[in-house]
Amino acid sequence: MIQQKVFRKHSNEGMEQAMNRPSRVYICTTMYQEAEHEMARLLRSLDQVMTSQKLKRKNIYIESHIFLDNGADGKEMKDFGKQLLSLVEETIELRAESGIMLYTPYGIQLHWVLECGTPLFIHLKDTAKVKAKKRWSQVMYMEYILKYRSKWAGMHNPYESKTMSSNPSFTYDSTESLDRLNDYYLSNDNNGTERRNPTFTNGNFLDIPDIILNHPGDDADDNSADNFTIDMASNDGSLYPSETPSRAGSDLFVKETPLEIHTQESTIFSVSLSMSNIAGPSISQSMDNYVLMTDADMSFDDGAVLAVVDVCKKEPDVGGVCGRTFPTGLYRHPILWLQVFEFAKDFWMIKSSQNVIGSVMCCPGCFSLFRFEALSDIFSTYSSPTETVMDVFTKDNGEDRWMCTLMMLKGWKLRYTQAGQNSTFCPETTLEFMKQRRRWLLSDYTNALLVIQNVANLMTINSAFSLTYVLYVVQLFLIMVLYPGATVMMLSLGLELGSGLPLVAITPTFYLLIVGYSIVLVKDISASVQLVICKLLIVVLGVGTLYVFGSTAVIIMQALINDYNHQELGHIEYLLILSLAATYLLAAIVHPSELKILLYGIPYMFFLPLLNIILPIYAMCNIVDQSWGTRDNQLAKVPKFLSLPKLKKRKRKKKTRSLSHKGSYTSLNSSVLDLQNFNEDEDSFWERVVKNLIGVNVPGGMSSDERTEGLRVMRKKVVIWFLSINAVWVIILCGCYGFLLQLMDNKTIFSVVMISSLGLTPLIQVTGMLVDRGCVLFRLIRKYL
């Protein structure tokens, strides 16, 4: 029963046919108060991908949508919307007055068609009309892409001949301002009342009405041979074909064609429009559709897009694919160095091993490709309101992780490819970092519990969930929960080894420090005071950790050298410790292009107590805080000379066909329309979506007061439970250490017990990573042989 539609599509064709089948990729980006440099790097990436010849040669068609939270206020564009518009003008080469601004039921829509024919949409959300935050932006674009844009572009055939109402005859051949089209479209009849041209009632310059497209004959000149001719209506209102027969559909959608509209008397409108990205793939009934989800500060290229698309094409049961993300920042800050190493080790070992033995647990929303069918399967659940306290952690704190959990519960596999490389800006201050990780950790805990609760069902419907993988997932969850206690024990043992202080004195001191920190956080003190306390703990525990690692390394090397000199093996526990440390070195070696990241291992060691002790406690004690944590106080930069369209008609005058130079701020037409006057079909669609799904008046489940009270009650239980279970774990480890030391007077057995407590996790991760890298090497060798 799993994904029958996708399997049927692949069942009657070979791998080569599947890889060559046309694909449409909708790049959908969510934005919220990003800085100018963050928006600019995304737009540069979009420009490179949308104009990519490599993707066109691979029959991959691109359409880009950006959804900006709080970008509009009624019919006014807010500062971040203006900042985004100015950056579009500066970054992307657009034809003068080729874009249009529309008032919509959700806010404001801007769209253009690039010189290469690729559409670019910007959707500015008015939070007085529609729900704010990332999940609801994702719900907006899923609904729009899956149920509107793709239906027009993929299922409806714009080349089908139909009879229309009586209209002037239209063909295409020269350039004129969009104002002429607007004036014609909204012109008045002889009685002075407004009439609408039925030809364009359900279409705009991105949504072509139902017409016959014919290509000039081969004997035409070079210029005309690159243009379609479109005969829209005869004098009696019916369509008629051109004398020149149209070419095969496969030729139609690879042309980049300037389209112009004019009446029998004069030219009305022209815009450069590529059929390759708008309607072309609709000719082929066998094609793949994907949504590439990105964050607003991403940098990626056509190679990364091609890499994730290729993975989906090769495996029809793959619902999503993520690439290798590199964190970056504007400043050289230790918090940034920490994240560089942390991202690397997670992708090197965790993502790689999950990719081999089962399914990737989370495809990050910063850069991941999802199949249409997978999104359709989970959409109704994903767009449901927040009704319980547990929903807060899945639906509002970690949308990406929850989406992936839902896909796995529907039987889809998730994959990772190191070739899909991309980079993102990461938090560069301690407070932003902690608030971001608070959301991530709470989401990780909740989704891991959800997977474990449904493990029997997953093993039945999802082939990725073997017994080995289930054991791995359960062990990973337990390790994550017990991180604070295990880290306290590790530091205590290191201090005993390096300084001679008794374990029974060090361990209670460490744990009382953690309990005291928890009590302070639960008291709801201000964020600034929490930050000061947190930084003090980071410094104290970080220095202690560096001392432990340094002194332990010296002792281990001295002992092993001594064993070597005496030709004996007296310190097996030290070899076990070194073997764990060597896994990171091995991971870097099999990723040779990233070998230098090992240098960031020293800051990572310093921040280990922050990751394993402070952050989990901080997350549990601050579950009532539902702020996003990043970019909350950011200010926009708006150019002084940015001019916006006005809701008025301009006098008709001839326009020459020219490019809008970057930074000239002239790509938008000077008039603005209501969507209902430009495209009634789309306006009706958005009216329904706002009314039934994303509008602020749509019931949203729990009220704000219910949510806050429920989170306060849960916080008390969760903090007590979390501290208690880690205290029990510390007591068990201390008791085991004391018992074995008294019984055998040897620390080797305890070292083995400690390492065994990690279960099969390290072994599985190293094995999976090596297999994954071996597969990559094999594919490279096969490619060049």
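I began with N70, which at 24% relative accessibility counts as partly exposed, because buried would need a value under 20%. I am working with a predicted model here. I then looked up where N70 sits, and found it in the loop between β2 (60–68) and β3 (72–73).

I placed E97 in the loop between β5 (94–95) and β6. Is E97 buried or exposed? I noted 18% relative accessibility, so E97 counts as buried, the cut-off being under 20%.

Which strand does β6 (residues 99–104) pair with? I found β20, in the parallel sense and over four bridges. Within this pair, I saw Y103 standing opposite D674 of β20. I also checked how covered β20 (residues 668–674) is: six of its seven residues are buried.

Last, I opened the UniProt record, an unreviewed entry, which lists several stretches as "transmembrane region", among them residues 500–521 and 597–621. I looked at both in the model. Residues 500–521 are 86% helix and 0% strand, with end C-alpha atoms 33 Å apart. For residues 597–621 I wrote down 80% helix and 0% strand, and the end C-alpha atoms lie 33 Å apart.

Notes
Residues numbered from 1 in each chain as written. Predicted model: local features only at pLDDT ≥ 70, side-chain atom pairs only at ≥ 80, totals over all residues. Heavy atoms only, no water. UniProt positions renumbered as here; feature names shortened; annotations may be inferred. Helix = DSSP H or I, 4+ residues; strand = E, 2+ residues; numbered from the N terminus. Buried < 20%, exposed > 50% of the residue type's maximum accessible area, 1.4 Å probe, protein only. Pairing = 2+ DSSP bridges.
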